[in-house]
Amino acid sequence: MENNKLSMMDAILLETIRNKGISNDEILQKLEEKETHLFDRNTEITSLISLYEEDKSKFASILHDGYTVKFVTRNGLINLLKLKFNKIAERDYQLLENGIKQLQMDEQQLASLKQLLSINWVIQEETNESSLKFIHIISAATI
């Protein structure tokens with residue numbers, strides 16, 4: 001099965017809603033009951049509503065099975081790492097001109113990140129002498 005695809009904007013919106021503690025089932029319920037004003041008065045979620053109304057089962061799959069962002073920008077990568085994984089630049093990883101380095105994640109987070117990233121990014125894994133695993137995410141255009 002091909003991964004569900006989302007725009008960068010929709011991915012950020014979805015992760016912003018999730019970051020507020022709203023579960024996948026609550027998101028579906030609120031969309032079904034058209035109570036989207038409860039998500040956040042300051043967040044414009046028209047595109048998520050349209051996506052839900054176009055194909056409710058696909059939207060449920062996005063929530064439960066995950067998604068791939070169609071094209072991730074460097075700033076989008078930084079935002080997704082913060083919203084989805086609570087990873088902050090310069091605290092949890094170092095910024096590079098063409099990506100990031102020294103990010104630590106558990107296997108589940110890494111699997112989710114690999115599914116999420118668009119093909120313009122390459123993930124490199126490295127284990128140091130202390131057996132700590134680091135992830136580097138580099139723009140494919142610079143390799």
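Is His-136 buried or exposed? His-136 is buried, having a relative accessible area of 11%; buried denotes under 20% relative accessible area, exposed over 50%, and partly exposed the range in between (1.4 Å probe, protein chains only).

## Basis of the report

The model is predicted, so local features need pLDDT of at least 70 and side-chain atom pairs count only at pLDDT 80 or more, while totals for chains, interfaces and linings use all residues. Residues are numbered from 1 along each chain as its sequence is written, and side-chain values use heavy atoms, with hydrogens and water left out.

His-136 belongs to strand E6; strands (E, at least two residues) and helices (H or I, at least four) are DSSP runs, numbered from the N terminus. The side chains of His-136 and Glu-126 are joined by a polar contact of 3.0 Å. Such a contact is a pair of N or O atoms within 3.5 Å; within protein, one must be able to donate a hydrogen and the other to accept it, and residues adjacent in sequence count only if both atoms are side-chain atoms.

Thr-68 is located in strand E2 (residues 68-69). Thr-68 is also buried, with a relative accessible area of 7%. Its side chain makes a polar contact of 2.9 Å with that of Asn-3. Beyond its neighbours within four places in sequence, Thr-68 has contacts (heavy atoms within 4.5 Å) with residues including Lys-5, Leu-6 and Gln-115.

## The nonpolar core

A nonpolar core is a set of buried Ala, Val, Leu, Ile, Met, Phe, Trp, Tyr and Cys residues joined through side-chain atoms within 4.5 Å. The largest one has 36 residues, of which Phe-59, Tyr-67, Leu-81, Leu-103, Leu-113 and Ile-137 touch the most other members. Among the elements that give two or more residues to this core are helix H1 (8-19), helix H4 (56-65) and strand E6 (133-139).

In H4, the buried residues are Phe-59, Ser-61, Ile-62 and Leu-63. Their cover includes strand E1 (5-6), H1, H2 and H3.

## Packing of H1 and H3

The axes of H1 and H3 are 9 Å apart and meet at an angle of about 95°; axes are lines fitted to C-alpha atoms, for helices over the stretch in contact, and angles run from 0 to 180 degrees between N-to-C directions. H1 is therefore roughly perpendicular to H3, a term for angles of 65 to 115 degrees. Met-9, Asp-10, Leu-13, Leu-14 and Ile-17 of H1 make the contact with Ser-47, Leu-48 and Leu-51 of H3.

Definitions and conventions:
Parallel < 35°, antiparallel > 145°, perpendicular 65-115°, else oblique.
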